[in-house]
Protein chains: 2
Amino acid sequence: MSDTAVEQPELSELRRVFDGRWARIREEARQALRRPDFGLAGDLDRDAHRQHVWEQLQQLAKVGHSRLGFPTRYGGEGDTGASVASFEMLGYGDLSLMVKSGVQWGLFGGAIQALGTERHHQRYLPAVMSLDLPGCFAMTETGHGSDVQHLRTTATYDPETQEFVVETPHESARKDYIGGAARDARLAVVFAQLITEAESHGVHAFLVPIRDDAGNPCPGVRIGDCGGKAGLSGVDNGRLWFDRVRVPRENLLNRYGDVAEDGTYSSPIENAGRRFFTMLGTLVRGRVSVAGGAGSATQTALAIAVRYGEVRRQFDAPGHEREVALLDYLAHQRALLPALAKTYALRFAQEQLVSTLHELQPADGLATASSPAGVQDAADDGERQSVAESAEEAERRQRELEARAAGLKAIATWHASSTIQACREACGGAGYLTENRLPQLRADTDVFTTFEGDNRVLLQLVAKGLLTGYRDQLGDLDALGMVRFFADQVWEAVAERTSARNLLDRLRRVAPGRDEEGDLRDREWHLALFEDREKHVLDGLARRLRKAGEPGADAFAVFNDAQDHVLRLARVHVELILLEAFTDAVAAVDDPGVRALLDRLCSLFALSTIESDLAWFLGHGRMTPGRAKRVTSAVNELCQELRPHAVTLVEGFGIPEDWLDVPIAQGAEAQRQDAQHEHDTATRAAVRQAG
Amino acid sequence: MSDTAVEQPELSELRRVFDGRWARIREEARQALRRPDFGLAGDLDRDAHRQHVWEQLQQLAKVGHSRLGFPTRYGGEGDTGASVASFEMLGYGDLSLMVKSGVQWGLFGGAIQALGTERHHQRYLPAVMSLDLPGCFAMTETGHGSDVQHLRTTATYDPETQEFVVETPHESARKDYIGGAARDARLAVVFAQLITEAESHGVHAFLVPIRDDAGNPCPGVRIGDCGGKAGLSGVDNGRLWFDRVRVPRENLLNRYGDVAEDGTYSSPIENAGRRFFTMLGTLVRGRVSVAGGAGSATQTALAIAVRYGEVRRQFDAPGHEREVALLDYLAHQRALLPALAKTYALRFAQEQLVSTLHELQPADGLATASSPAGVQDAADDGERQSVAESAEEAERRQRELEARAAGLKAIATWHASSTIQACREACGGAGYLTENRLPQLRADTDVFTTFEGDNRVLLQLVAKGLLTGYRDQLGDLDALGMVRFFADQVWEAVAERTSARNLLDRLRRVAPGRDEEGDLRDREWHLALFEDREKHVLDGLARRLRKAGEPGADAFAVFNDAQDHVLRLARVHVELILLEAFTDAVAAVDDPGVRALLDRLCSLFALSTIESDLAWFLGHGRMTPGRAKRVTSAVNELCQELRPHAVTLVEGFGIPEDWLDVPIAQGAEAQRQDAQHEHDTATRAAVRQAG
């Protein structure tokens with residue numbers, strides 16, 4: 001079964017493949033983000049860490065990081081993909097700086113860019129980029145984090161003064177966990193229910209000054225500090241309360257909804273729910289970025305743990321001259337190498353996702369075809385229809401982007417938590433010390449699983465996207481009472497993805513009893529298994545949910561009983577996306593050594609993923625018990641085959657060496673001394689016995 | 001399938017069951033450990049936190065906590081079990097204090113007690129208890145943590161001066177991560193290779209002063225600070241280097257090995273490996289205590305998350321007047337309730353473990369039957385044989401205690417990590433804030449999985465214990481080259497555990513195809529499945545390992561290829577222990593309401609454990625796919641049935657209310673306001689429409 005060993009491939013080639021389309025930006029970042037300016041925070045207390053990050057943020061603005069994703073006409077570089085790639089590079093360093101930059105230029109600046117119109121862009125974007133105007137993104141409230149459509153903060157239009165009055169109606173409606181609010185932000189993008197002429201039009205975004213130039217809270221604004229957190233201590237998360245704070249009418253970010261001087265509301269999108277989710281959709285870059293940043297942190301942890309596993313030795317073994325390196329133990333390989341394989345899979349899927357984002361949300365094209373407003377501007381019927389079709393297609397692509405971003409963000413951030421944890425444990429007591437970075441990586445990334453969308457809520461969005469293909473059978477999902485759980489949004493099926501491949505042939509491959517003796521590393525078989533599983537889980541879920549439409553059914557109970565099934569659907573869907581992305585990436589590699597290595601790594605990803613869901617494959621007759629056992633054996637074999645390449649694979653990440661400069665990654669010399677000691681002791685004993 | 005609902009049981013009865021044999025100690029601790037003296041550390045920096053914990057430690061000495069586990073003749077209370085129970089209670093508060101107390105009275109004082117003789121007890125124990133003599137336990141070295149038999153520090157006897165010369169031969173032989181070393185300890189128990197007359201006799205423990213009364217390092221002793229850690233910032237972990245430090249001959253803790261004035265070595269135990277592991281065995285209380293402390297932290301996290309899940313609401317649902325409480329969602333129940341069930345299982349298994357420890361290692365009986373020294377003291381042949389038999393039985397029980405302690409410590413600490421993590425995520429952003437305790441609980445307990453024995457190394461010890469029953473087939477395990485992996489120790493089979501039950505009848509129950517329609521909550525069926533699984537995994541592993549004895553076999557490769565199988569054996573073994581302990585505990589409950597509730601919780605533990613290993617049961621013909629699906633449905637049903645009792649079940653832990661006084665556990669009022677707001681808004685809208 002085991003193939004011949006893979007040759008050690010060219011590291012530069014591997015890095016090129018790993019870096020992908022924005023390799024230049026990544027390389028520039030490696031050069032720009034060196035010490036001393038971008039050194040790690042070390043052992044600072046909260047105040048000092050915040051100050052340190054604030055100073056680094058100013059450096060970032062100077063080196064141009066902040067301009068990448070903004071329109072060229074306001075001094076930006078108009079490169080959406082580059083802005084995400086650059087953000088990801090920050091993920092190798094202090095994650096507080098990464099998050100802080102994401103707040104300023106991604107969330108705060110991004111909201112002005114995506115939800116505002118020219119008057120906002122002209123007035124604010126240059127100062128946002130230069131950091132002359134530090135801001136924050138005030139969406140989450142203590143009482144409403146996942147269900148942001150039902151935020152309680154209100155912004156009521158007063159036609160007398162042509163102002164909006166922003167108000168926090170009760171304690172749990174305060175804005176909470178707002179990055180930048182506790183210390184640095186001057187201006188907040190505040191999400192609030194827009195009320196005009198005594199009618200609510202749903203959540204909109206408003207620019208609300210919260211601090212004056214001296215740094216004091218503006219009248220009517222109360223600011224609190226969230227205090228200590230598990231990690232990200234360099235980010236100043238805070239709370240905001242608004243006591244009838246007045247802002248001019250023009251402070252409404254009015255791309256998707258506006259209020260005239262007399263108080264008349266207008267919007268290019270009729271339906272309030274649809275309008276809100278269109279607004280949210282323009283902010284998808286945040287989720288894409290979090291998935292990428294989680295990837296960088298995961299890679300850093302793996303690089304540290306793999307280097308340590310290579311030099312650290314423990315226990316003698318018969319036939320081994322020196323004590324055994326940790327990475328030579330199967331249990332150690334199993335703890336790290338499947339995680340390493342999945343990290344590559346996520347990187348390749350992220351690369352595809354960023355490319356799609358880059359095309360659909362060009363930084364210079366602020367009113368793209370994805371804006372449903374385009375439909376209404378068309379002149380005659382023919383044009384209208386063609387515009388409508390292209391708008392429909394654009395909206396379909398946008399919805400798929402959102403679903404993928406949601407799914408990858410969830411899976412990538414959970415993967416970060418579990419992998420960094422595994423790395424910490426693989427380094428024992430040394431992994432618990434701050435000097436070795438792992439504790440901070442673990443603590444900083446921990447919140448990623450619940451911010452920018454709680455992972456379980458996000459997976460439900462993914463599942464909903466897949467279920468819309470079943471709308472004819474299910475009726476209107478929204479009418480079934482699932483509206484809130486899946487978020488109030490209607491989108492098209494995203495099933496065309498598989499059309500390019502011969503699905504039927506694939507499905508034949510997974511018929512029970514087939515391929516019993518087939519090659520366990522056959523990629524087509526892996527793909528077939530993953531596709532078939534998604535289809536089966538989706539069919540089954542659709543059947544279950546159909547019951548919600550039956551007379552007298554308790555729609556909530558039907559949905560709730562199936563919630564684990566819903567989450568499972570999303571997971572298996574993302575796993576298929578990962579396998580496809582990995583497969584495509586391997587196919588595109590020219591260098592035969594790199595291709596062979598990555599091909600094997602892809603097999604490890606596929607088979608370890610299958611292994612972790614063996615109960616499903618066995619329970620659904622997709623695999624005999626004998627073959628299931630061979631899957632486990634194949635994972636073990638792949639671990640042992642890839643073990644000699646583990647260091648190369650983490651070197652492939654191209655993490656700036658400054659950030660891997662931790663004591664345990666430098667253990668080779670200590671281990672050499674220790675081996676020498678053992679050798680000398682043995683020699684002395686032998687001499688004694690002989691003498 | 002679903003039974004009638006369980007009545008809400010008497011909380012006091014539930015607490016009584018949960019508290020167990022040392023209920024009085026637990027209740028006293030609840031009273032003694034109140035604020036202000038034992039308040040949480042809050043937002044202190046490292047130095048302040050260390051000082052805070054040091055002051056609390058002195059309080060603990062005053063309230064008598066420190067005396068519980070020491071012999072009455074030196075002023076202790078002679079109650080081993082009480083000392084562990086009291087330690088566990090500290091686990092509800094600041095875990096830095098718990099660990100610090102464990103270092104002083106468990107590891108440091110415990111080593112003097114267990115490895116020293118009367119001269120040490122008399123001289124040191126009173127000052128250890130009163131904290132007049134703060135100490136540390138210097139075993140781990142940078143280069144050797146798991147393989148402590150091969151520590152590099154040496155203690156060479158010099159007959160000229162009748163002193164031992166303690167030395168750190170090279171950098172990676174420094175003592176590392178030593179709690180108490182960085183700041184407070186005056187005296188260290190140092191583990192070092194004892195060398196006399198140019199011969200090494202293996203690792204022994206020596207008392208080495210490291211600081212004088214003014215707090216300055218003693219001559220030849222260099223002390224470093226491990227600095228920042230992921231958690232436990234109130235514990236002063238440090239590093240120690242010894243440069244030819246001389247201590248008197250009497251500073252050898254000489255219960256298991258002594259050196260005469262002329263340098264002659266003597267020991268009641270011939271074999272050096274066996275001697276060392278006997279010494280380690282006397283220190284098993286540390287592992288038992290860590291398992292218990294991990295349990296307390298887990299319970300605290302669950303209490304916070306369950307209370308929050310009860311009051312926190314999110315998303316409307318058809319047919320629900322208010323937004324839905326988080327705990328009403330199946331996914332939320334699945335995240336918390338099986339973990340809650342396992343937490344109870346671990347508590348009951350811990351109770352049994354502490355009872356066994358209490359009997360085998362009585363604090364007042366320092367030279368018990370478990371000391372192999374007893375064998376040699378017997379007078380005539382008959383007596384000698386009877387003493388030998390009882391010594392053999394005592395040793396068997398001691399080995400079983402060690403195996404159970406190792407297994408429970410591993411499973412309990414991993415359970416703590418994963419459960420506290422799940423609780424953190426279940427509380428979203430609020431769970432990330434220090435004010436809500438979860439971050440600190442997570443970070444503090446994180447190191448438990450690798451200290452007091454790396455969990456994966458411990459599980460291999462458990463597996464070895466089970467394999468010794470196969471010694472006749474396998475030959476001497478040690479000779480197979482597995483000696484170091486399983487630790488150099490020979491013990492007896494621990495298989496008699498199941499003798500009281502009718503195993504044959506059990507095994508019939510799990511024959512393929514049987515019981516297809518049987519009650520999924522039948523405890524006998526669960527037990528049969530767990531026992532049969534352990535037996536099958538054990539048989540299979542023994543078969544695999546036998547190959548190591550074949551001519552020309554690479555013993556390391558055979559072992560290494562089976563390492564995942566070894567870990568699996570230990571896991572399934574511990575799961576059986578947990579199920580038995582839970583079953584026994586339920587059977588012993590008098591109150592019918594409590595019994596019914598715990599019985600259902602035990603079913604949830606059993607079925608969720610089975611569910612997480614369904615691939616094995618399906619792959620080995622123990623279950624049909626249909627029944628496997630019903631297992632998943634049964635877990636869902638049990639979650640929904642237990643959901644109304646979730647708060648009661650966490651109240652059953654009896655955690656002092658002072659330590660649950662965190663903002664998110666008090667969210668009921670905020671949610672009420674929010675609901676009122678929603679109601680008022682709806683009313684206003686209705687009035688407007690009507691008007």
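Where does R244(A) lie? R244(A) sits in the loop between β8 and β9 (245–248) of chain A. Helices and strands here are DSSP runs (H or I of at least four residues for helices, E of at least two for strands), numbered from the N terminus. The model is predicted: local features need pLDDT of at least 70, side-chain atom pairs count only at pLDDT 80 or more, and totals for chains, interfaces and linings use all residues. Residues are numbered from 1 along each chain as its sequence is written, while chains are lettered from A and ligands numbered from 1 in the order in which they are written.

The phi of R244(A) is near 50 degrees, a positive value in a residue other than glycine. Most residues other than glycine have a negative phi. R244(A) counts as exposed, with 11 C-beta neighbours inside 10 Å. The cut-offs use C-beta atoms placed from the backbone: a residue is buried if 20 or more others lie within 10 Å of its own, exposed if 12 or fewer, and partly exposed in between. R437(A) also has a positive phi, about 70 degrees, and is not a glycine. R437(A) lies in the loop between α11 (381–426) and α12 (438–446) of chain A. Is R437(A) buried or exposed? R437(A) is buried, because 26 other C-beta atoms lie within 10 Å.

Chain A has 23 helices and 11 strands. Of its 691 residues, 56% count as buried.

Helix α13 (residues 455–467) of chain A has 13 residues. At 1.5 Å a residue, helix α13 of chain A should span 18 Å, and its end C-alpha atoms are 18 Å apart, which agrees. The expected span is 1.5 Å times one less than the number of residues. In α13(A), 13 of the 13 residues are buried, so the helix is largely enclosed by the rest of the structure.

In chain B, helix α13 (residues 455–467) packs against helix α18 (residues 563–587) at an angle of about 80 degrees, with the axes 8 Å apart. Axes are lines fitted to C-alpha atoms, for helices over the stretch in contact, and angles run from 0 to 180 degrees between N-to-C directions. That makes α13(B) roughly perpendicular to α18(B), a label for angles of 65 to 115 degrees; under 35 is roughly parallel, over 145 roughly antiparallel, and the rest oblique. The residues that meet include L459(B) and V462(B) in α13(B), and L567(B) and A570(B) in α18(B).

Chain A has an open sheet of three strands in the order β4-β8-β7, with antiparallel pairing. Strands pair if DSSP finds at least two bridges between them. The edge strands are β4 (175–179) and β7 (221–225) of chain A, each pairing on one side only. The twist averages 35 degrees from one strand to the next. β7(A) and β8 (residues 237–242) of chain A share five bridges. There, I223(A) stands opposite L240(A) in β8(A).

The two chains meet through 76 residues of chain A and 76 residues of chain B. On the side of chain A that touches chain B, the largest share, six residues, comes from helix α23 (residues 668–690) of chain A.

Terms used:
Contact = placed C-beta atoms within 7 Å.
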